[in-house]
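I opened this notebook to keep track of what I looked up, one entry at a time. Each entry begins with what I wanted to know and ends with what I found.

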2 protein chains.
Amino acid sequence: MTYELYYWDGIQGRGEFVRLSLEEAGAEYVDVARESGSGRGTSAMMNLMRSGSDPHIPFAPPFLKDGDLVIPHVANILLYLGPKLGLVPKQEGLLYVLNGLQLTVADFVAEVHDTHHPIATSLYYEDQKDEAKARSAAFIKERMPKFLGYFERVLRQNPQGPQHILGDALTYVDLSLFQIIEGLNYAFPNAMTGYQAKYPALSALHDTVARRPNIAAYLKSERRIAFNEDGIFRHYPELDKGA
Amino acid sequence: MTYELYYWDGIQGRGEFVRLSLEEAGAEYVDVARESGSGRGTSAMMNLMRSGSDPHIPFAPPFLKDGDLVIPHVANILLYLGPKLGLVPKQEGLLYVLNGLQLTVADFVAEVHDTHHPIATSLYYEDQKDEAKARSAAFIKERMPKFLGYFERVLRQNPQGPQHILGDALTYVDLSLFQIIEGLNYAFPNAMTGYQAKYPALSALHDTVARRPNIAAYLKSERRIAFNEDGIFRHYPELDKGA
């Protein structure tokens with residue numbers, strides 16, 4: 001069965017956390033909004049969300065379609081896919097620990113988004129720039145170290161070793177943490193300077209994931225589009241440290 | 001087995017979404033930070049989060065302890081408890097639909113929080129009041145109708161009838177939607193004026209939940225503390241509609 005991923009065309013965004021797991025596992029999937037051509041995929045996505053009769057309508061992209069099942073929210077999609085893709089620990093109770101970690105990633109991502117949109121998603125960045133500067137300063141000073149420090153601690157306190165966030169093998173949260181580091185390096189290069197020394201376990205995890213054959217191939221492919229200023233992680237120099 | 005709920009004392013906050021499910025099911029639980037007396041429970045909570053050796057440390061409250069298992073994040077706790085408390089549909093695939101709905105509730109709650117803290121959680125409300133006014137105006141105009149309209153549609157498009165958000169019986173998302181309406185009525189009474197006519201299915205669900213015997217008894221008990229200006233839903237008249 002080919003999975004159908006529905007997400008906005010033109011950005012990595014939240015969809016990227018799902019793509020990384022699908023790519024790592026070599027799963028068959030269609031990136032609907034990107035691959036259907038001339039806006040047809042995006043229309044299909046919007047029609048599904050706006051349906052006046054479907055019982056299971058998503059609030060927002062990304063969502064995954066597997067047969068008749070429509071699954072919204074990154075953490076939910078990964079919880080569903082994880083066991084099928086071999087990206088979860090074997091012990092059942094640990095699924096809730098893993099899901100908790102992914103939900104912490106989701107909260108972190110939401111806070112990254114709000115650094116450039118602290119007042120309203122409907123307004124342009126330019127119309128909330130002063131507030132974005134204030135929010136970014138607090139994010140860099142308080143929130144970024146709090147989240148990164150937390151994940152660093154979880155890695156170091158893993159009884160199976162700091163190579164993975166949970167258990168002794170790769171999970172989808174490891175892939176998500178790779179993406180977090182990639183995104184922060186793009187968006188806040190000054191604030192991230194020297195992060196390798198501060199967060200050695202996270203930094204090592206990032207590098208290990210980048211070298212995995214399927215991930216390395218994906219990162220070099222055309223399917224990995226570049227970060228840009230329409231996505232979640234945006235590089236506005238005036239929001240970075242020392243601006 | 002008695003569940004242990006860890007959450008800040010003195011507020012309903014995010015913990016309330018878990019409490020409502022435990023109360024509806026008549027489950028045995030200890031509200032650790034509230035019941036241990038003189039700050040001992042809160043210390044236990046902080047110690048668990050700050051542990052330098054535990055493998056499964058939560059990033060933030062609320063979290064649930066069930067034996068050795070520590071489960072953070074409201075949606076994750078409810079996903080774990082739901083089947084045990086009889087608050088999920090029987091068909092397994094629908095668990096992901098239910099979880100998706102609860103995660104949409106979680107996003108909504110995060111946006112409610114940011115109406116009074118749009119710049120930094122570490123700053124006082126008074127130090128970000130102008131930004132809070134701008135964010136609240138956008139929330140009331142765009143986000144509140146978008147979220148409430150979405151849940152109203154899901155209720156109306158439920159093939160089993162609009163009495164429940166999913167399937168033909170009560171789930172934990174129904175209880176969460178009750179709490180959303182309660183909270184919005186407290187925080188934004190002007191903006192919520194006439195909501196019954198705009199969102200009849202949501203309004204009916206709210207009233208039905210309030211009349212359930214275990215919920216009605218809980219709401220009258222001392223365990224249901226009042227909304228206040230330390231929680232998620234805060235009533236600041238200057239942030240409400242027409243202020």
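**Entry 1: the two copies.** Before looking at how the chains meet, I needed a meaning for contact: heavy atoms within 4.5 Å of each other. I also noted that this is a predicted model. With that in hand, I found that 100% of the interface residues of chain A are also interface residues in chain B, so the copies meet through the same surface. I then looked up how one copy is placed against the other, and chain A can be laid on chain B by a turn of 180° and a shift of 0.0 Å along the axis, with an RMSD of 0.0 Å. The two copies are thus related as by a two-fold rotation axis. In chain A, the C-alpha nearest this axis belongs to Pro118(A), at 3.0 Å from it.

**Entry 2: the sheet of chain A.** In which order do the strands of the open sheet in chain A lie? I read the order as S2-S1-S3-S4, a sheet of 4 strands with mixed pairing. Strand S2 (29-31) and strand S4 (69-72) of chain A are the edge strands, each pairing on one side only. Neighbouring strands of this sheet are turned by 20° against each other on average, with direction ignored.

Entry 3: I turned to chain B, where an open sheet of 4 strands has the order S2-S1-S3-S4, with mixed pairing. Its strands S2 (29-31) and S4 (69-72) stand at the edges with a single partner strand each, so one side of each is left without a neighbour in the sheet. Here I followed the pair formed by strand S1 (residues 3-6) and S2(B), which is parallel and extends over 3 bridges, and I found that Leu5(B) has Asp31(B) as its bridge partner in S2(B). Helix H3 (residues 40-50) of chain B lies across S1, strand S3 (63-66) and S4 of chain B, at about 90° to S3(B).

**Entry 4: the loops beside the strands.** I looked next at the loop between H3 and S3 of chain A, where Pro62(A) is found, and saw that a cis peptide bond with omega of about 0° joins Pro61(A) and Pro62(A). In chain B, a cis peptide bond joins Pro61(B) and Pro62(B), again with omega of about 0°, and Pro62(B) lies in the loop between H3 and S3 of chain B.

The loop between S4 and H4 of chain A holds His73(A), which has a positive phi of about 80° although it is not a glycine. Is His73(A) buried or exposed? Its relative accessible area is 17%, and because buried means under 20%, His73(A) counts as buried. For His73(B) I found a phi near 80°, a positive value in a residue other than glycine, and a relative accessible area of 17%, which makes His73(B) buried.

Entry 5: Helix H4 (residues 74-85) of chain A is mostly covered, with 10 of its 12 residues buried, among them Val74(A), Ile77(A), Leu81(A) and Leu85(A). Just after H4(A), I noted that Gly86(A) takes a positive phi of about 70°.

**Entry 6: one residue of H5 in chain B.** I picked Val105(B), which has its place in helix H5 (residues 94-116) of chain B and, at 1% relative accessibility, counts as buried. Which residues does Val105(B) touch, not counting residues up to four places away in sequence? They are Phe17(B), Phe151(B), Ser176(B), Leu177(B) and Ile180(B). The C-alpha atoms of Val105(B) and Ile180(B) are separated by 8.0 Å, although the two residues are 75 residues apart along the chain.

**Entry 7: the record.** Last, I looked up the UniProt record, an unreviewed entry, which places the feature "domain: GST C-terminal" at residues 99-239 of chain A. In the model this span is 64% helix and 0% strand, and its end C-alpha atoms lie 31 Å apart.

Methods. Residues are numbered from 1 along each chain as its sequence is written. Chains are lettered from A and ligands numbered from 1 in the order in which they are written. This is a predicted model: local features need pLDDT of at least 70, side-chain atom pairs count only at pLDDT 80 or more; totals for chains, interfaces and linings use all residues. Side-chain values use heavy atoms; hydrogens and water are left out. Copies are superposed by least squares on the C-alpha atoms of residues with pLDDT of at least 70 in both. Two strands pair if DSSP finds at least two bridges between them. Helices (H or I, at least four residues) and strands (E, at least two) are DSSP runs, numbered from the N terminus. Axes are lines fitted to C-alpha atoms, for helices over the stretch in contact, and angles run from 0 to 180 degrees between N-to-C directions. Buried means under 20% relative accessible area, exposed over 50%, partly exposed in between (1.4 Å probe, protein chains only). UniProt positions are given in the numbering used here, feature names are shortened, and annotations may be inferred rather than shown by experiment.
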